[in-house]
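Some notes on the salt bridges and the nonpolar surface patch follow. Please read them alongside the coordinates.

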Amino acid sequence: MLWRVCKGYTIVSYAELDESLEDPETGEVIKWYVFLISFWGEQIGHKVKKICDCYHCHVYPYPNTAEERREIQEGLNTRIQDLYTVLHKTEDYLRQVLCKAAESVYSRVIQVKKMKAIYHMLNMCSFDVTNKCLIAEVWCPEADLQDLRRALEEGSRESGATIPSFMNIIPTKETPPTRIRTNKFTEGFQNIVDAYGVGSYREVNPALFTIITFPFLFAVMFGDFGHGFVMFLFALLLVLNENHPRLNQSQEIMRMFFNGRYILLLMGLFSVYTGLIYNDCFSKSVNLFGSGWNVSAMYSSSHPPAEHKKMVLWNDSVVRHNSILQLDPSIPGVFRGPYPLGIDPIWNLATNRLTFLNSFKMKMSVILGIIHMTFGVILGIFNHLHFRKKFNIYLVSIPELLFMLCIFGYLIFMIFYKWLVFSAETSRVAPSILIEFINMFLFPASKTSGLYTGQSGYTLIRKDSEEEVSLLGSQDIEEGNHQVEDGCREMACEEFNFGEILMTQVIHSIEYCLGCISNTASYLRLWALSLAHAQLSDVLWAMLMRVGLRVDTTYGVLLLLPVIALFAVLTIFILLIMEGLSAFLHAIRLHWVEFQNKFYVGAGTKFVPFSFSLLSSKFNNDDSVA
Amino acid sequence: MTAHSFALPVIIFTTFWGLVGIAGPWFVPKGPNRGVIITMLVATAVCCYLFWLIAILAQLNPLFGPQLKNETIWYVRFLWE
């Protein structure tokens, strides 16, 4: 273009620069070209200059003589060196400063957060009349009042304030928040109860009993010696390493396990015990004391010939031709007494094992459930005593107890009676407990033979009387006493209170009566889950270990290693984690619904004081200075 | 196989859990956790004793016996008896 404009009177020579430099404005690395334009005359010079300006070229003066050119070149080189040095030194300095800052940035973040939290707290205070002091209204446990005074004095002294801070006690009618002191052991159980609802001010705290009943009910559903032992070892590992810093800061799931380490410990311990009683160790039974059932006594050779006519006995051909035979406890010598610790090991070899276990576990679930619920009602008595509502004991708790014990306590009595009185000889006439129980309400025309003489008359009297007391008594007299209590209120409110109390009590009575039946049936989940667990572990053994153990020795050893590995992995994932979570959940449900709705209100708020240690958990969650 | 008495295990277990639940609370050292530990001991004793009692009472007078396969009968007869 230059050639055209200047009509050929210019000479252009250009060369590319060796290094591509950084454009200071855009920061990109661009290739730079250097060119030299020689022209002759003023006007051409102006045109060339304008063209150069259009293209945003940098124009530099070009000296005429060679020495000046060399001088300028040397000067430029030195300047380049100097500039490079300055740039490098600046970068080094910047890096040093940043490194020093990075060392202390973590503690600075914490300091900033602490200050922010303190200011947040101060925002909640209100100003004095004179606008010079802050007033804070706080809740403080009575036991800590002395400590509070001392802390205020110390704070005033250390900060060098001219006017010391002080505190006054103000009377109030509001309900204080609930503070329950826990240590690291009881904290987990208290969290379980608090997840349902924080207790109302000064009511009975079920967490105290949950420490033992929760692991126990879990263990009834989990009941395996081997699995329980593994769980116990895992929890022991967590407990012994609880001060290890990595465990404190781990993420969500590990943190949940860590917080529940003492719960896991107790659950494992109780599972070992119930596994011993269920005689279940990785689905196999242990024969410690010798079985109480004697097979040889079934053979006719063990009995004198005179008695052969009365009993159905075996001999070798009978045994060879029948694939399944049943022992008969009415034959003398077959059953020699109950196994002293738990379930007899012969049941593990029997094909009708579940028939026996189902009956045993169902009755056990009902017995445990009714005792648990009765205990809940008794705790309600403590609540009534504390809140000075003695009439509630006579009108609510005693009818509730009567209802529960007369109906379901009688069921327990029938269970124990049938266990103790009926044996193999009388097994043909042993009545079904459930049918007797239902007949108690239905009064069928054809009377089946009761458990004992006089049973029918007793049921009639007892049932009618306590139903009367429970349904109506609590309402009528409760309302009367409430009127007396609210006597200081205005007359207009009295009618409204009466109706409301009537409604509440009717609902409460109906809910309690129906709830008793449904809650008792709900405890049958203890049976259901322990059955599921036993069957799962049995299937795992039959499908894996038995296959591995049946192969003969040449390949057997090689096959057994992966089989055992697979068995261990599946045991941990399916039986320990999945079944453990399931039993954990159901035990929680039993506590929250069936046990706690007998006495627990749980409508309080938790007392959460300001504390830097509570903030520290937030420090680990937010990684940046937010 | 072996004759099991009923009275002996009852006496042993009743005394054991009775010691844990009734005598144990007297030996808990005084401290802030005394109430908690006593409650734990009593609850453990009640629960575990009841559980064992139910298991042994359910087997005291069996109304029916175990059904065994004939191979199991041979095994039991010659190895356990």
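1. Helices (H or I, at least four residues) and strands (E, at least two) are DSSP runs, numbered from the N terminus. A:Arg95 and A:Glu91 both sit in helix α3 of chain A, four residues apart, about one turn of the helix. The model is predicted: local features need pLDDT of at least 70, side-chain atom pairs count only at pLDDT 80 or more, and totals for chains, interfaces and linings use all residues. Residues are numbered from 1 along each chain as its sequence is written, chains are lettered from A and ligands numbered from 1 in the order written, and side-chain values use heavy atoms, without hydrogens and water.

2. Over all chains there are eight salt bridges (a side-chain nitrogen of Lys or Arg within 4 Å of a carboxyl oxygen of Asp or Glu). One of them joins A:Arg95 and A:Glu91 at 3.6 Å, N to O.

3. A:Asp147 and A:Arg150 form another salt bridge, with the closest N and O atoms 3.1 Å apart. These residues are three apart in helix α4 of chain A, so about one helical turn separates them.

4. A:Arg181 and A:Asp144 meet in a salt bridge at 3.8 Å, N to O. This pair links distant parts of the chain, 37 residues apart.

5. A:Phe610 and A:Phe612 are among the residues of a nonpolar surface patch with about 1100 Å² of accessible area together. Helix α3 (residues 66–123) of chain A gives the largest share, six residues. Patch members have over 30% relative accessible area and no salt bridge; like charges are joined within 9 Å, nonpolar side chains (Val, Leu, Ile, Met, Phe, Trp, Tyr) within 5 Å. Accessible areas come from the Shrake-Rupley method with a 1.4 Å probe, and for residues only the protein chains shown count as cover.
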